[in-house]
Amino acid sequence: MFRVDDLILSLDNVKKYFPIKSRFLKRRIGWIKAVDGISFNVFREGVMGLVGESGCGKTTLAKTIMGMHQPDEGKVIFKQGVISKIHPEEARKLRRQIQYVYQDSGASLDPWWTIERLLREPLVIHTHLSDSEMDEKVLAILEAVGMSEEHLNCYPHEFSGGQLRRLGLARILTLNPELIIFDEPTAGLDVSVQAKILELLENLKEAFRLTYIIISHNLSLIRIICHHTAVMYLGKIVEIGTTQRIFEDPKHPYTRILIDSIPEPGRDRGNQRLLLQGEPPSLENIPPGCRFQNRCPFRKERCEKEEPFLKEVAQDHMVSCHQWIQHQNQAWQTLRLVR
Amino acid sequence: MRILDIEGLTVFYHTDQGAVEALDEVNFSIGKGEIVGLVGESGCGKSTMGKTIARVLPESTGEIVSGSISFQGEDLLKLSEKEINRRVRGRAITIIPQDPFVSFNPVFTIGTQFSDILKYKLVAGNRKNGGRKNPLQKLMHPSSKELKKQIIQMLNRVQIPSPEKQMYKYPHELSGGQRQRVMIAMALAPQPSLVIADEPTTALDVTIGAQVLELLKDLTKQFQTSVLFITHDLGVAYDICDRITVMYAGQIMESAPTDSFFKNPCHPYTRGLLDSLPNPQGKIQTIQGDIPSLINPPKGCRFHPRCPRRVDECTEQRPELKELFANHIVHCFKPFL
């Protein structure tokens, strides 16, 4: 379905560690392994979803792609060019093509600026358009996100949450980016507004031929909008594949439990579900062996010693688990009954 | 048996632009041990309802125009502030807030804040029996054995690992899920009859959220506590609630037992909400238009400007309550059947 020259972004074993320093003398006493060896490909006009609990490294990964963090190891390749470890000046130029949408658009718009000024700013910085061309462009973009000319002279506080998201999007689209990274695009929105934003995202993708990376912990959102999904746990990808496969036939116990915990009307209620026990261990001292072991219902001796790596279990579907064959439906059913 | 019965409650907020009609003739009730979900979009009056019941409406702007809130046979709106403080708020009615981080005091340990609640309860209990101060009050230091035992017991109930250590921690040292669990423990500690949970899982991850919900459900069933569960997430409401009430722009649209609610949603707005949920089958549907301003809200049914089944009557008068199935009530002239 996808060809190699359609490849727009590719990560190769990207690692980002943050040092932990001692209070006294500021010596390094350990590492926080926020992103620990991540590789995946994103294809042109595809939508990639990154899922995981808070603190699993999703945002750090996104910032590394943007060039806001330099990876400690590995490469980020954007359109056949390596963009990790380039000069900050170069990285800034690249940012026209890769854009990042923050979780809270309201907080990232300057409260003292009118919408017109906010939307023109990126054009002023990055392009050499004339004034009238800029006006035209700003209006066109504003319409594309479903707002109108009369909003130009308003200030950010006059808008609702859904409208602010639209404005945040408009601001990014003025530069014709190719890849947009969304950090929780619908967090904090009502369902009806969320539905409208999702509709807008779909339409914009068609109209501007965009590629998306969507970071979210809302699995039902990922399910409807993403083509590929990567599930992250403590800095590593535990399962990656087409969204359809991930949701219909999850192989990693963590993915399964995540999908089981989506609150969705019509699902089995209460005792029929398997809930995740405990909380993720701290990134400072990750256990040896499988990172998920202390919360995993299928833990075996091997998991405590040997760290699993991603294995292909079907076409377009990779899992990092020693026991994936064992916990097929049968085992899962008995676990549920025991509960 | 009903423990809370609200009738014809109308609440205004006074602003520079005029009065915001936040609640309009709301009728609502909660039975003993029942978990009732109050669902709706932001700005529909869910939280106003919670605040009015707990009598914590902002004094400067909020005004209760009419109506009554009868709680265990007593009209809360007729009680004086002093009475409310002594017997109701924080005692018979407690609140679980949305964001546990901002609701804790960052400079005191969990244990100290917990013991404050227990002490308060003890002192007040005593006032009722003669108005004297509890002579033991001085001993009620967080380090006092009795208090410590109670705190540990409650923290154990909400599955906080090693509570004897955790109670000496500051709020920022706990994870989000743990903080919310401590909040639940604190809300249940005075053994209230009604807990108002205002979006308690919105700030948490799905996995942790699911754990917290399960816990809340178990504990309230165990203590026979009623819960008013305010949420905008229908999925969460489905998981925990016995009955669901949908609000829109300050009016109640539909109220039904959970199963009946999802099986036969009758109100066009409820249908719209359910259709805009991301579903794996196909495209998402949206409700046309936007939420109206509550300063000069639409006449009649407030949903009529966005309603696909609108008839002339809707623009003129408020639809009467209709009971379509057992306990399933709808305010609509043209409900889906």
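Visitor: How many of the residues of chain A count as buried?

Guide: A residue is called buried if 20 or more other C-beta atoms, placed from the backbone, lie within 10 Å of its own, exposed if 12 or fewer do, and partly exposed in between. In chain A, 41% of the 339 residues are buried. Please note that this is a predicted model, in which local features need pLDDT of at least 70 and side-chain atom pairs count only at pLDDT 80 or more, while totals for chains, interfaces and linings use all residues. Residues are numbered from 1 along each chain as its sequence is written, and chains are lettered from A and ligands numbered from 1 in the order in which they are written.

Visitor: What does the radius of gyration say about chain A?

Guide: The radius is taken over C-alpha atoms, and the globule rule is 2.2 Å times the number of residues to the power 0.38. For 339 residues a compact globule would have a value near 20 Å, and the 22 Å of chain A agrees with this. Along its principal axes, the C-alpha trace of chain A spans about 70 × 55 × 45 Å.

Visitor: Which helices of chain B supply residues to the side that touches chain A?

Guide: Two residues are in contact if their C-beta atoms, placed from the backbone, lie within 7 Å. By this criterion, 29 residues of chain B meet 27 residues of chain A. Helices are DSSP runs of H or I with at least four residues, strands are runs of E with at least two, and both are numbered from the N terminus. On the chain B side, helix 8 (206-223), helix 9 (234-240) and helix 11 (268-275) each supply at least two residues. Helix 8 of chain B gives the most, with six residues.

Visitor: Where are the domains of chain B?

Guide: Domain bounds come from an automatic or database domain assignment. For chain B, the assignment gives domain 1 (2-241) and domain 2 (256-331). Their C-alpha centres lie 29 Å apart. The contact between them takes 11 residues from domain 1 and nine from domain 2. On the domain 1 side, strand 2 (18-31) and helix 9 of chain B each supply at least two residues, and the largest share, five residues, comes from strand 2.

Visitor: Is Ala54(B) buried or exposed?

Guide: Ala54(B) counts as buried because it has 20 C-beta neighbours inside 10 Å. Ala54(B) lies in the loop between helix 1 (46-53) and strand 4 (62-71) of chain B. Not counting residues up to four places away in sequence, Ala54(B) touches Arg89(B), Ile93(B), Ile95(B) and Ile196(B).
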